[in-house]
Amino acid sequence: MSAAGPEERRFSGTGTREAMRWSKTLIPTHKEDPSHAETTSHKLMLRAGLIRRLTSGVYNYLPLGWRVIRKVEAIVREEMDRIGCQELLMPVVSPAELWQETGRWDVYGKELWRVHDRNGRQFALGPTHEEVVTDIVRNEVRSYRQLPFTLYQIQTKFRDEIRPRFGVVRAREFIMKDAYSFHRDEDSLNETYKAMYDAYCRIFDRCDLSYRPVEAATGAIGGSASHEFMVLCDTGESEVIVCECGYAATDERAEGLIADIMPVEDPLPIEPVDTPGMKTIEDVSEFLGVEPWRLIKTIVYVADGEPVVALIRGDRDINEEKLAGLLGASMIEAAPPAVVEKVTGAPVGFAGPVGLSGVRLMVDRSVEPLRNVVVGGNAVDVHIRNVNAGRDFSVDGYCDIARIGKGDLCRKCGKTMDSFRGIEVSQVFKLGTKYSDSMKATFLNENGKAMPFVMGCYGLGISRTMAAIIEQHSDEYGITWPMSVAPFDVEILAVKFRNEEVREISERLYSDLKAAGIDVLLDDRHDSPGVKFKDADLIGIPIRVTVGERGLKSGALEIRMRETGEQRDLPIDGAVAEITKIVEEAKA
RNA sequence: CGGGGCGUGGCGCAGCCCGGUUAGCGCGCCUGCUUUGGGAGCAGGAAGUCGGAGGUUCGAAUCCUCUCGCCCCGACCA
């Protein structure tokens, strides 16, 4: 045990330094896969005794799992501190009024986890802390001389996810590092944004992750620019569209060109047709014997309370993120039937652009080359054939509101794009003055004029990163931790702990490694060798040192690298120095 | 929220359709002895409101109603 007090230990550099004995530690491993887990990381985290579920989307971090969390946090702290960020801690609970100031009490929706106190006063459990941090800064920072600076915290966050899944990958309570930067202008923000981006790359490199930063949509957080860091993983929830020219963006954000398939045709006269009960593109297409791309899909939305009509080629989908962005709307949703009827004069399923008035029309580029296509007739059971944009309805301009995917063309180089799946481990945003404006957070510039802070925010999912690491570091036997985040550097596996010589050598090695500053776990259980070997593979400590009668006969231990399976004998004399060297090399 | 599935000792499951002694099996756990280089053997043992409530019945894990929880697909979402 270190002489440091609890506080000192809690905040010391790499944190977890105490060594442990398996027999005294709660490491509840399981032989069988848990029935409810689907993904590799979720199964292994449960089997290896890292986490236990308390309720849907809410997890206990058991000692082994918590050590990993602490190591990831330590890396994050080092990299945040390296670029000059200041750590602080904000409360989990924040008053509704603060969220009402920015409008997010409503905009954030059901995902915002609300609670009330005994007096009925309402609060939010923090899903992110723009409001709170902005409140601190508007109260405490007055002058441009104090800028720029960045505050961060590592804290438990709450999001009442519509569907928690994959263990801690999408949890309702999770651990996140969130940082917020404050600037006098965009240039300063850009500088910090770049520094943060680079720091994130270092963090994920140190976690030995294969990842990719991609352009992202801004969602409920808002702001002008954003990147997500995606860890490559087939079971990831996010889809990224990529081009070999280097372009990469989330499917929510991706821009691209939809290949034209419209042959050149002369415009034909417009012709209404009866389409009884044909409400979907599929219905109409089949009923009239017309390919889906020869239809225009007309969808009515409500954006910040105002109806908007969006048009796109029939075989494609609207990207609501892009649409909201172009409209400058913070909330967008498909219009309820009553609104559709009011706007188009017809029930849902028969909307079309011809004769539509008094509503804003957003037309995707894919509509421009279309000739003689089918659209809804804005009347029950009626569609119209041979419609041509410009002639039959007017278009102010074409925009890009299409959901882009694999197979579409890159806007930058024209090549066909591909896609991959990933886990989003972090997202960074240029917020601009979105929050400082609504919360009236200002500083005085050199002319004595009050200016809104220009802000950036930078999230990084700590618990999710742990899961992502396992997704990329496991084999059929268990986890294969990278040294940087492994719960322990070394596991001593005492094959027959009852044997006096084995016990003596193991104990000596254990205390010597501890003294050398190595995180070491001693499997001192009186179990059969098979159990111990299987458990060692499962929990995945990078270096395993086996102490057994077999080796001791020739004065040797056995060292095995978990990830590579590389294995060799190690003379007892000098073993500590050798192991220390290997650990240090791996950490360098 | 729509669709699907599942709740039976700590874990994984059988039993339910077709109601009937003390509710089983494997793993794990406890005690003892033997064993110890890849999930040991023998003997003994502890542990289950069968998710909950109500109902049907002489009798319910099993049938009916309601309800809670969990998981999967979808919609949605830093």
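This is a predicted model: local features need pLDDT of at least 70, side-chain atom pairs count only at pLDDT 80 or more; totals for chains, interfaces and linings use all residues.
Local features need pLDDT of at least 70 and side-chain atom pairs pLDDT 80 or more, while totals for chains, interfaces and linings use all residues; side-chain values use heavy atoms, without hydrogens and water. Residues are numbered from 1 along each chain as its sequence is written, and chains are lettered from A and ligands numbered from 1 in the order in which they are written.

Chain A contains 16 helices and 32 strands. Helices (H or I, at least four residues) and strands (E, at least two) are DSSP runs, numbered from the N terminus. The C-alpha trace spans about 95 × 65 × 50 Å along its principal axes. Of the 588 residues, 52% are buried. Buried means under 20% relative accessible area, exposed over 50%, and partly exposed in between (1.4 Å probe, protein chains only).

The count of salt bridges is 48. Each is a side-chain nitrogen of Lys or Arg within 4 Å of a carboxyl oxygen of Asp or Glu. Arg 316 and Asp 408 form one of them, at 2.6 Å from N to O. This pair links distant parts of the chain, 92 residues apart. Arg 316 lies in the loop between β16 and α9, and Asp 408 in the loop between β21 and β22. Both residues are buried.

Glu 549 pairs with Lys 496 at 3.2 Å. Glu 549 sits in helix α15, and Lys 496 in the loop between β28 and α13. Glu 549 is partly exposed, at 36% relative accessibility. Lys 496 is also partly exposed, at 42%.

Arg 544 and Glu 558 form a salt bridge at 3.6 Å. The pair joins strand β30 to strand β31. Arg 544 is buried at 10% relative accessibility, and Glu 558 is buried at 15%. Elsewhere, a network of salt bridges links Arg 67, Lys 71, Asp 489, Asp 519 and Lys 587.

The structure holds 0 disulfides. A disulfide is a pair of cysteine sulfur atoms within 2.5 Å. For Cys 207, the nearest cysteine sulfur is that of Cys 201, 12 Å away. Cys 207 is buried, with 0% relative accessible area.

Asp 185, Glu 186, Asp 187 and Glu 191 form a negative surface patch. Patch residues have over 30% relative accessible area and no salt bridge, with like charges joined within 9 Å and nonpolar side chains (Val, Leu, Ile, Met, Phe, Trp, Tyr) within 5 Å. Asp 185 lies in the loop between β9 and α7. Asp 185 is partly exposed, at 31%.

How values were computed
Accessible areas come from the Shrake-Rupley method with a 1.4 Å probe; for residues, only the protein chains shown count as cover. Lys and Arg count as positive and Asp and Glu as negative; His and the chain ends are not counted. The place of a charge is taken as NZ of Lys, CZ of Arg, CG of Asp or CD of Glu.
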